[in-house]
Amino acid sequence: MTTLITGASGHLGANLVRRLLEDGHSVRVLLRQGSNNTAVDGLNVERVYGDLRDRPAMNAAVQGCDRIYHCAANVSILDGLPQLRQEIYDCNVIGTRNLLQAALAAGVSKVVVTGSFSAVGHNLSQPSDENVPFNPFGNHLPYEFSKSFVEHECLKAFADGLNVVIAVSCAILGPNDFKPSRMGRTLVDFANGKLPAYVPGGFEFVSTRDIVQGHILAMDKGRPGQKYIFSTQFLTVDELMNIFEEITGKSRPRLRIPSLLMAAIASTADAILPRLFPQMPRRFTSGAVRILQMYRKADCQKANNELGYQPTSIRQAIQAAYDHFGQRGIIQTVTPVVRSPQTKETYSEIQR
Ligand SMILES: NC(=O)c1ccc[n+]([C@@H]2O[C@H](COP(=O)([O-])OP(=O)(O)OC[C@H]3O[C@@H](n4cnc5c(N)ncnc54)[C@H](OP(=O)(O)O)[C@@H]3O)[C@@H](O)[C@H]2O)c1
């Protein structure tokens with residue numbers, strides 16, 4: 001029985017692959033030629049190469065697979081250029097459609113598709129659960145729209161007879177972050193004293209351990225056509241900075257930019273940078289500032305009640321990410337990291 005993972009070179013995929021191998025599964029990974037595929041180096045996996053936008057490549061990738069975890073996506077906080085929007089749409093929406101149609105044709109027994117909390121509706125008065133609809137007339141990033149349309153593709157495939165479940169992720173924190181991710185870069189820059197400033201706000205975070213566990217629970221117990229939200233903890237940015245300080249022993253940046261000012265700076269940059277440097281990674285766009293200002297909270301009761309999902313600790317995940325970056329020499333640790341028995345466990349998880 002082969003399990004296919006798309007996005008295996010990414011942050012979530014890298015952690016999911018390791019867990020599935022640990023659990024004794026036979027794993028095939030979908031990678032792209034020319035990408036940074038360090039995340040799967042040295043792992044006992046079957047590699048297939050292809051782009052989600054290439055339907056024949058998806059037909060080939062799913063052949064002989066019993067289960068699929070579809071984690072791949074173009075994850076972006078950028079907006080602006082039509083080419084960029086088109087690329088996000090093609091990778092995320094058309095790519096998911098290609099994969100799900102290929103899975104249906106090949107008789108795959110179950111697919112878990114990674115969703116995003118940004119495609120769950122926002123409820124000011126209480127934490128959002130799976131029933132709060134995404135508002136298509138809201139001010140959203142192209143990525144957020146695309147993840148909502150991904151859910152639509154899942155429902156269409158379900159209506160066509162595919163057993164598909166959506167595992168909704170919040171902002172991911174944890175080890176095996178080889179690219180690294182935006183949150184990973186923030187931790188690295190903080191630890192290396194290169195984070196110039198921060199912006200207040202709040203968001204719902206999920207540890208790599210919990211989102212991986214959520215995917216496995218969704219595969220084993222998730223009801224076809226349903227979605228489940230997986231989060232570990234809501235944190236304000238100030239609370240996140242507290243944890244970063246405790247773990248790294250460094251102080252937070254002195255500059256705490258008020259959100260209104262940051263939104264103004266980011267929207268000026270939005271008007272200029274995409275035209276000059278369309279692919280340049282950015283820490284903040286006005287869309288990212290807006291998301292932080294929403295202080296969105298998640299309600300994971302459905303995952304808890306139906307799947308037995310139990311979140312662990314976000315602090316432990318940040319410690320494991322710090323250890324992972326330290327081991328790879330990306331963070332210059334001045335003093336050896338003091339590890340509690342709890343964090344030793346996550347440390348050995350990284351070493352596997
Ligand atoms: N990171 C978060 O905080 C967060 C929050 C909510 C939801 N999610 C969801 O979680 C999932 C995993 O996110 P992540 O953080 O692991 O992302 P990531 O680190 O950016 O990895 C994305 C993966 O998708 C692959 N990919 C992108 N476009 C592709 C295409 N056209 N064809 C084939 N592969 C493609 C990438 O391959 P290459 O290496 O070749 O580019 C990479 O392996 C995504 O579905 C994302 O929407 C993430």
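# Close-up views of a predicted model

View 1. Ala263 has its place in helix H8; helices here are DSSP runs of H or I with at least four residues, strands are E runs of at least two, and both are numbered from the N terminus. Please keep in mind that this is a predicted model, in which local features need pLDDT of at least 70 and side-chain atom pairs count only at pLDDT 80 or more, while totals for chains, interfaces and linings use all residues. Residues are numbered from 1 along each chain as its sequence is written, and side-chain values use heavy atoms, with hydrogens and water left out. With a relative accessible area of 26%, Ala263 is partly exposed; buried means under 20%, exposed over 50%, and partly exposed in between, for a 1.4 Å probe and protein chains only. Leaving aside neighbours within four places in sequence, Ala263 is in contact with Ser286 and Val289, where contact means heavy atoms within 4.5 Å. Ala263 and Leu16 are 247 residues apart in sequence, and their C-alpha atoms are 35 Å apart in space.

**View 2. Helix H8 from end to end.** Helix H8 covers residues 259-276, and its end C-alpha atoms are 25 Å apart, which agrees with the 26 Å that its 18 residues should span at 1.5 Å a residue. The expected span is 1.5 Å times one less than the number of residues. At Asp270, H8 bends by about 35°, and Pro274 follows within four residues; the bend is the angle between axes fitted to the seven residues ending at a residue and the seven starting there. Ser259, Met262, Ala266, Ala269 and Pro274 are the buried residues of H8. An α-helix has 3.6 residues a turn, so residues three or four places apart point the same way. The cover over the buried residues of H8 includes helix H9 (286-293).

View 3. The ligand is surrounded by 26 residues, and the closest are Ser9, Leu12, Ser35, Tyr143 and Lys179; a residue counts as near if one of its heavy atoms lies within 4 Å of the molecule. Oxygen atoms of the ligand lie 2.9 Å from a backbone N or O atom of His11 and 3.2 Å from a backbone N or O atom of Ala73. In the side chain of Asp51, an N or O atom is 2.9 Å from a nitrogen atom of the ligand. On its own the ligand has 900 Å² of accessible area, and the protein covers 87% of that. Two or more residues of the shell come from each of helix H1 (11-22), strand S5 (110-116), helix H4 (142-159) and strand S7 (171-173). S5 gives the largest share, three residues.

**View 4. Backbone geometry in two loops.** Most residues other than glycine have a negative phi, and most peptide bonds are trans. The loop between S7 and helix H5 (182-191) holds Pro180, and the peptide bond from Lys179 to Pro180 is cis, with omega near -15°. Asn176 is found in the loop between S7 and H5, and its phi is positive, near 55°. Asn176 counts as buried, at 4% relative accessibility. In the loop between H9 and helix H10 (301-307) lies Tyr295, where phi is near 50°, again a positive value in a residue other than glycine. Tyr295 counts as partly exposed, at 37% relative accessibility.

**View 5. Arg28 in strand S2.** Arg28 is found in strand S2 (residues 26-31) and is buried, with a relative accessible area of 9%. A polar contact of 3.0 Å joins the side chains of Arg28 and Glu46; such a contact is a pair of N or O atoms within 3.5 Å, and within protein one must be able to donate a hydrogen and the other to accept it, with residues adjacent in sequence counting only if both atoms are side-chain atoms. Beyond neighbours within four places in sequence, the contacts of Arg28 include Thr2, Leu4, Val48, Ala60 and Cys65.

View 6. Eleven of the 14 residues of H11 are buried, so the helix is largely enclosed by the rest of the structure. Among the buried residues are Ile314, Tyr322, Asp323, His324 and Phe325. At the N-terminal end, Ser313 caps H11, with a side-chain oxygen 3.3 Å from the backbone nitrogen of Arg315. Just after H11, Gly329 takes a positive phi of about 75°.

Key: Accessible areas come from the Shrake-Rupley method with a 1.4 Å probe; for residues, only the protein chains shown count as cover.
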